[in-house]
Amino acid sequence: MRNKKKREVVEVEEEKDSEDWCFECKDGGDLIICDYKDCTKVYHPGCVGKKKTFINSGRHWTCRRHSCSVCSSTPRFYCLCCPNASLCRDCFSASEFTLLKGNNGLCKSCLKLILLAEENSEYGLEGEKIDFKDHDTFECLFKECWEIIKEQEGFTLDDVYSAYATLKGKNHNCRFDSVNIGDSDESRDLTTSEGDTSAIEIQKTVGKKKRFQPMEFIGWGSKPLIEFLRSIGKDTTKKLSRFDVESIISYYIKDNDLPKQMKMVQCDNSLYSIFKQKSINMAKLYQLLEEHFAEDIVVIEDSGSQDEDEIRLEDKNKGTKSKKRRVSSDVITTDENKVPSIHKSCFASIIDENMKFVYIRRCLLEELLKEADHSESKILGSFVRVKNDPQDYLQRNSHQLSQVKGLKKITATNGAGFEILLQVSHFTRDIPISLLSDSDFTQEECEDLRQHMAEGLLKKPTVVALQEKARVLHEDITKHWIQKELVRLQNRVDYTNEKGLRRELVEYLEQRERLKKPSEQERLLKQLPEVIPEVMDIESGSLDSVVIDKQ
């Protein structure tokens, strides 16, 4: 009985030591506590991708604050206000993070929000209306949590401005001691002093630590990004925008059914080679791609550097200095001097990149049928996604891609009006429009179509024929996609605004406003599709769907 009483006392003490608000959304309610050592952070189950029943499950759980947000290793520095900016010793110097006391500090996003809270600003960083007095908003809850942290740690407003000056690289005075980072075990101890000292300094010793590896570029994009796009059959000879690459990666995540919890997606080996993270935030995907585009940086020689290969990169759009990166003289390379060992075929490659040019959703097909002229010519030869018979056990997928061979108009069953039936490949009977899918086709369905063509069940399309059909449908498919994407972005804006997810809200607002611009829509319409040909490896003599650079 004594042991039982002791356990109960310990549980009560632990519950008292834990915080009272969710470290993610800053609100109260039914919370789960992190089981990592002496961590006192608590979260709503929904904020960390768990169900409400997880509270009473008794399962061990650790929050993501205890893994580096960049490389997922053991962190040494922590943001005081959010779980999204824990950093290890190696990733610290390249991050937008400033220390306040010991190994605790603030990330750039939290620091800017704190400055707005201290000034009781009525407008956010993007000019949106915010209210730090409305308890139903994330901003108000964030400010209340910051007041508690500020009182517990003994911070003042001067410390906040000093931290902001540190982030901007300006001279300042700080009441807290500097933190030195070295390679030895002794230098890893983090200490603070009560007296006034100099600015926070991050010192890295040179020795056993490996040299910084530069970002290599192949033409318009980084080497990891170009290799990834080629591996999935994308044409990298023509420059893609960040917006296009974001859409490609989003479809890749969906087609490969990568594990996803809330906004976080677990990376497979291909995505890890690009982002060097075990998981990424889908709302920040556009931002993460910035460093992989050569157009987003300007290379300026740094004559004061001891290393001739060291350069300074500046943000071309903002005009502000960015992080230093070491780039060797042969970093930015092209494939112009490479002699391809492959031979282009006259047939089009049956891959996702090509099929999306001639794929028509059900709602788009219904719109085309309403057109008075040329609707039939557009539909014939295109591909649709048809629902398979659920009793057909030989079919491994619920749908399959089929080519439209003809249209038939019959009298409706109720005798009023007419009904359109489609004559498609792989089906002996005519297909009503109700059996067509309004979603994207999957990679498995594209592989089935490729297999059917290889077996001679369907004629292979030539590059010329598929290119012609793609350009006929390009305007209709693009306009339809823009409308659908704007609806999706608006839904995400409403959701993030309702949940108080401010960072994600800003990302979705930027994407929506960018897509609304006539110039962006005109650019998408002018970006004519280029069909990728099927190629043959001369050495092996095998056909493959790979991309070769245009000479």
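## Briefing: a contact at E353 and its surroundings

The side chain of E353 makes a polar contact with the side chain of K234, at 2.6 Å. The model is a predicted one, and both of these residues are among those closest to the centre of the second largest pocket.

**E353**

- E353 is placed in helix α9, and this residue counts as buried because its relative accessible area is 11%, where the cut-off for buried is under 20%.
- Leaving aside residues up to four places away in sequence, E353 touches G233, K234 and I532.

**The second largest pocket**

- The second largest pocket has a volume of about 1300 Å³, and of the 42 residues that line this pocket, those closest to its centre are K234, Y251, E353, K356 and F357.
- Two or more lining residues come from each of the elements α6 (242-255), α9 (352-355), α12 (443-454) and α13 (463-499).
- By residue class, the lining of the second largest pocket divides into 18 nonpolar, ten polar and 14 charged residues.

- In helix α5, which spans residues 223-231, the buried residues are P224, L225, I226, F228 and L229.
- The cover over these buried residues of α5 includes β6 (217-218), β7 (221-222), α6 and α7 (269-275), and α6 is also one of the elements that contribute to the pocket lining.
- Just after α5, G233 takes a positive phi of about 85°, and G233 is one of the residues that E353 touches.

**Helix α2**

- Helix α2 covers residues 108-118, and its buried residues are C110, L111, L113, I114, L115, L116 and A117.
- These buried residues of α2 pack against the strands β3 (78-79), β4 (97-101) and β5 (104-107), and also against the helices α3 (138-153), α4 (157-168) and α14 (502-516).
- Just after α2, N120 takes a positive phi of about 50°.

**A three-stranded sheet**

- Three strands form an open sheet in the order β8-β9-β10, and their pairing is antiparallel.
- Strands β8 (260-261) and β10 (279-281) stand at the edges of this sheet, and because each has a single partner strand, one side of each is left without a neighbour in the sheet.
- Strand β9, residues 264-266, is joined to β10 by three bridges, with the two strands running antiparallel, and Q266 stands opposite S279 in β10.

Methods
Residues numbered from 1 in each chain as written. Predicted model: local features only at pLDDT ≥ 70, side-chain atom pairs only at ≥ 80, totals over all residues. Heavy atoms only, no water. 1 Å grid on protein atoms, 1.4 Å probe; cavity = no way out; pocket = protein on both sides within 12 Å on 5 of 7 lines; lining within 4 Å. Points joined across faces, edges and corners; volume = space filled by probe spheres on them. Helix = DSSP H or I, 4+ residues; strand = E, 2+ residues; numbered from the N terminus. Nonpolar A, V, L, I, M, F, W, Y, C, P; charged D, E, K, R; others polar. Buried < 20%, exposed > 50% of the residue type's maximum accessible area, 1.4 Å probe, protein only. Contact = heavy atoms within 4.5 Å. Polar contact = N/O pair within 3.5 Å; in protein donor to acceptor, adjacent residues only side chain to side chain. Pairing = 2+ DSSP bridges.
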